[in-house]
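Visitor: I'd like to learn how to read a structure feature by feature. Could you walk me through one?

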Amino acid sequence: MGPKTAKVYEMLRARLASGEYGAGDKLPSERTLVDELGIGRTALRQVLARLVAEGALEVRGRSSYRVPGAVSVATPEGPEPWRIHGERDLYDNRWVRLQLWDVEPPGMERFEHHVVKLQHVAITAVLDDRDRVLMMWRYRFVPQQWGWELPGGIVDEGEDPADTASREVVEETGWRPKKLEHVVTFQPMVGMVDSPHEIFVGHGAEQIGSPTDLEEAGHIEWVPLADVPGLMSRGELMGSGTLVALLHILANRGKPGPTTAR
C-alpha cells in the first residue's frame, strides 16, 4: 500500500472511528469516493478490501459498502469488571495450559478461579454457486461420535488467521478457497476457557488435489445448505465453530452479498 493509499485508508478509518459513518450507514459510492479523495478506483478498492477484512466495513452487493453492527440496544454503563490480582500455572504443554487466577468480582471477596488456555483457531465455511458448503464427515473420539464439521485448525504464532483458514481447507479437503471473508471472532466457553475462534466464509473453491492431513481428513462432501437444519436437529453438526459459521450463513441467506462462483 503506497503513501497515498495509506493516507486514504487512515482517513476512512478516522471517519469510521469518529462516527461520521455510523453503524448501518452506507458509504458513498466508489465514484463519489474516488472524486472526493483523489484516488484511483483500483487503489480505493484495496483500501475498502482491507477495511472489510478488518471488520470495519461489510460488503452488500458488488460494490456497496456499509458500516456493520447496526443495533438498537445501548451499551450499558456502570458495571465494573472483575479485578485480576495474579495467576499461576498448574499445568502447561503445547496444547493446553491450566491456571489458577486470583480474581475479585465487584463487591465480593477474592477467590481463585480455574482458567484453561487453549489454542487460537480458524474455521472456514466454503460455499459454492449451488448453495452447498464444503464439509467433512469425521469421528471425534472425545464425544465418541460421528458428525459433519467444517475444516479448521490452529493459528501458528505470527500467522495471519486468514492464511490459517485457507491452509487448513487445502490440507483437510484438497480444495482451495478463491475468496475468504472474516465474519466473527468468538470464545466457545467464555466462563473458563480462553480459545479465540476466527470464523471465515469462503466463496468458490478449486480442487487442487487430495487431502494431505490424513489424521484430520474424513469423508469430504459438498453439503446442501438446505440440509443444515435437519443435520442440526439430528445432532450431526460437530463443534461450536461449525455451528456459528453455518448459523451465520443461514441468517444472511437472501441478503445481498458477494457473488459466489466455483
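Visitor: Let's start with charges. Which residues are linked in a network of salt bridges?

Guide: Keep in mind that this is a predicted model. The network joins Asp156, Glu159, Arg167, Glu168 and Glu171. Aspartate 156 sits in the loop between strand E9 (152-154) and helix H4 (161-173), while arginine 167 is in helix H4, eleven residues apart. Aspartate 156 is partly exposed at 43% relative accessible area, and arginine 167 is partly exposed too, at 23%.

Visitor: How many salt bridges does the structure hold?

Guide: There are 16. One of them ties arginine 41 to glutamate 30, again with 3.7 Å between the closest N and O atoms. That pair links helix H3, which holds arginine 41, to helix H2, which holds glutamate 30. Check burial on each side: glutamate 30 counts as buried because its relative accessibility is 7%, under the 20% cut-off, whereas arginine 41 is partly exposed at 37%. Glutamate 149 is buried, at 7%, and arginine 140 is partly exposed, at 31%.

Visitor: On to the nonpolar side. Which residues have the most contacts inside the largest nonpolar core?

Guide: The general idea is that in soluble globular proteins, nonpolar side chains tend to be buried together. Here the largest core has 20 residues, and the ones with the most contacts inside it are Leu12, Leu16, Tyr21, Leu27, Leu48, Leu51 and Leu57. Helix H1 (3-18), helix H2 (30-37) and helix H3 (41-53) each supply at least two of its residues, with H3 giving the largest share, six. A second, separate core of 19 residues includes Val133, Leu150, Leu237 and Ala245.

Visitor: And what does tyrosine 21 touch?

Guide: Leaving out residues up to four places away in sequence, tyrosine 21 touches Leu12, Arg15, Leu16, Leu27, Pro28, Leu33 and Val67.

Visitor: What order do the strands of the open sheet have?

Guide: Strands of a sheet pair through backbone hydrogen bonds, either parallel or antiparallel. This four-stranded sheet runs E3-E4-E5-E12, with mixed pairing. Strand E3 (83-92) and strand E12 (193-194) are the edges, each pairing on one side only. E5 (residues 111-117) pairs with E12 in the parallel sense over two bridges, and valine 116 stands opposite valine 193 in E12.

Visitor: Last one: where is aspartate 131 found?

Guide: It's worth a look for its backbone, since most residues other than glycine have a negative phi. Aspartate 131 has a positive phi of about 60° and is found in the loop between strand E6 (121-127) and strand E7 (132-140). Glutamine 144 also has a positive phi, near 55°, and its place is the loop between E7 and strand E8 (145-149). Aspartate 131 counts as partly exposed at 39% relative accessibility, while glutamine 144 is exposed at 62%.

Definitions and conventions
Residues are numbered from 1 along each chain as its sequence is written. This is a predicted model: local features need pLDDT of at least 70, side-chain atom pairs count only at pLDDT 80 or more; totals for chains, interfaces and linings use all residues. Side-chain values use heavy atoms; hydrogens and water are left out. Buried means under 20% relative accessible area, exposed over 50%, partly exposed in between (1.4 Å probe, protein chains only). Two strands pair if DSSP finds at least two bridges between them. A nonpolar core is a set of buried Ala, Val, Leu, Ile, Met, Phe, Trp, Tyr and Cys residues joined through side-chain atoms within 4.5 Å. Contact means heavy atoms within 4.5 Å. A salt bridge is a side-chain nitrogen of Lys or Arg within 4 Å of a carboxyl oxygen of Asp or Glu.
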